[in-house]
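Subject: Structure handover

Hello,

Here is the structure for you to take over. Please open it first, then read the notes below it.

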Amino acid sequence: MGEILHVGMPTIADKERFLRMASDIIDRKWLTNNGEYVQELEARLCTLLGVKHVIAVCNATVGLEIVLNVGTPKKGSVVVPDFTFIASAHAAVAAGHKVVVADVHRSNHCLDPLAVEEVWREDIVAILGVHLWGNSCFVDRLQRVAEERQVKLFFDAAHALGATHNGRPIGSFGNAEVFSFHATKIVNGFEGGAISTNDDELAQKCRLARNFGFIGTDKIASHGTNGKMSEVSAAMALVNLDALEKLIAINRERHDQYSSLSRNVRGFSILPASDGNNFHYCVAELDESLFGHHRDGLVEWLWENDVRARKYFYPGVRRSPPYKFELLARCPVSEALCGSVVVLPTGPSLSPGDVERVVGLISQFQEGICR
Ligand code: T4K
């Protein structure tokens with residue numbers, strides 16, 4: 001037994017600096033609603049992502065809800081991948097749309113443009129690609145589908161801060177992209193998110209929607225919600241943003257170590273990260289016929305040994321009760337992944353010895369010397 005290892009243990013890159021910033025916030029008595037740190041974070045992200053506008057929000061789910069609401073010309077259906085965190089679908093519904101699920105591609109677990117074509121129907125108003133695990137989507141092909149069908153294209157980039165596609169930062173593609181600063185993400189702001197876009201009009205609509213539709217103190221220009229980011233979240237995100245490159249480098253080392261050690265485990269392989277990945281997630285696929293055991297048994301064994309591996313994103317969108325109306329949708333790749341993926345603890349809180357321990361436990365389980 002050792003320390004409990006989690007997927008998504010929060011990183012706090014510089015506690016002292018964060019505490020000084022928290023103290024400033026208290027002294028300034030400006031706690032939320034477009035405060036100084038929120039504005040600084042937005043400016044820093046504009047530079048990092050190479051976009052004209054960043055709108056910081058309270059979390060990615062609300063960020064997605066805002067862009068899917070104000071960024072589509074009318075209500076209709078939004079295509080989402082079946083294999084994603086449920087927030088991608090929930091946001092579409094919260095924005096007043098219906099959900100149409102499409103399958104993902106084996107190579108990167110991201111929305112498959114061919115599957116999008118297969119499920120096409122007249123009422124679709126937007127496609128929501130998800131850069132799952134920091135793997136960039138098939139951006140160009142999705143863009144082509146969106147242009148041909150004259151619908152909007154958005155990206156859920158909750159996993160992808162610091163990742164690139166063909167050398168260009170994720171954040172600048174489609175009509176808008178949305179990041180997460182949840183505690184478990186590569187840049188943690190306790191909670192938080194950001195919308196990035198080059199579209200001036202959309203940016204303005206998102207800013208209004210983030211703050212109930214208020215212009216100034218009394219005038220309500222549009223419908224809106226409370227999507228504001230607090231100053232304390234922005235301060236934490238700023239502190240961690242400074243460590244982004246270092247975090248990617250450490251994640252990459254852990255990823256390489258998992259990949260090389262797992263080569264000795266039959267039927268258990270680490271999903272190769274796409275070019276430009278931030279390596280924040282370490283995702284394994286288990287082939288039951290070669291591994292000799294079901295995925296769930298392995299996850300149980302790891303938990304018994306204080307390794308909190310996860311079955312993300314089981315059971316998939318269409319097998320989650322609110323979306324069962326989509327059960328007839330054919331998603332064979334997602335279906336297989338829901339039964340075979342294991343997400344492993346990684347990040348700076350793990351030592352190389354911890355990675356050895358995790359892979360050692362997986363080997364022990366396979367060899368049946370676990371009970
Ligand atoms: N799109 C995608 C593709 C996403 O993955 C997500 C969120 C979103 C959109 C929406 O983003 P946000 O609205 O959250 O900004 C989590 C998170 O709540 C969620 O943010 C994340 N994706 C999803 C993948 O995981 P849980 O319930 O599985 O994780 P949770 O909170 O139990 O944390 C995982 C482990 O991390 C814990 O077992 C222990 C450790 N942990 C967690 C927290 C919160 C800590 O050590 N300290 C902590 O403070 O949902």
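Axes here are lines fitted to C-alpha atoms, for helices over the stretch in contact, and angles run from 0 to 180 degrees between N-to-C directions. Helices (H or I, at least four residues) and strands (E, at least two) are DSSP runs, numbered from the N terminus.

This is a predicted model, where local features need pLDDT of at least 70, side-chain atom pairs count only at pLDDT 80 or more, and totals for chains, interfaces and linings use all residues. Residues are numbered from 1 along each chain as its sequence is written, and side-chain values use heavy atoms, with hydrogens and water left out.

**Helix pairs**

Two packed helices are described by the angle between their axes and the distance between the axes. Take helix H3 (residues 60-70) and helix H4 (residues 87-94): their axes come within 8 Å and cross at roughly 45°. H3 and H4 are therefore oblique to each other (under 35 degrees counts as roughly parallel, over 145 as roughly antiparallel, 65 to 115 as roughly perpendicular, the rest as oblique).

Contact means heavy atoms within 4.5 Å. In H3, Thr61, Leu64, Glu65 and Leu68 meet Ala87, Ser88, Ala91, Ala92 and Ala94 of H4. By class, that contact has six nonpolar, two polar and one charged residues (Ala, Val, Leu, Ile, Met, Phe, Trp, Tyr, Cys and Pro count as nonpolar, Asp, Glu, Lys and Arg as charged, the others, Gly among them, as polar).

The axes of helix H9 (residues 244-262) and helix H13 (residues 352-367) come within 10 Å and cross at roughly 35°. H9 passes H13 in a right-handed crossing. The contact of H9 with H13 holds six nonpolar, two polar and two charged residues.

**The ligand**

Some polar contacts (pairs of N or O atoms within 3.5 Å) follow. A polar side-chain atom of Tyr312 lies 2.6 Å from a ligand oxygen atom. A side-chain N or O atom of Lys185 is 2.8 Å from a ligand nitrogen atom. A backbone N or O atom of Ala60 lies 3.0 Å from a ligand oxygen atom.

**Backbone**

Most residues other than glycine have a negative phi, and most peptide bonds are trans. The bond from Tyr312 to Phe313 is cis, with omega near -5°. Phe313 sits in the loop between strand S15 (307-308) and helix H12 (332-338). The bond from Tyr314 to Pro315 is cis, with omega near 5°. His109 is not a glycine, yet has a positive phi of about 65°.

Best wishes

Key: A polar contact is a pair of N or O atoms within 3.5 Å; within protein, one must be able to donate a hydrogen and the other to accept it, and residues adjacent in sequence count only if both atoms are side-chain atoms. A crossing is left-handed if the near helix is turned anticlockwise from the far one by less than a right angle, and right-handed if clockwise.
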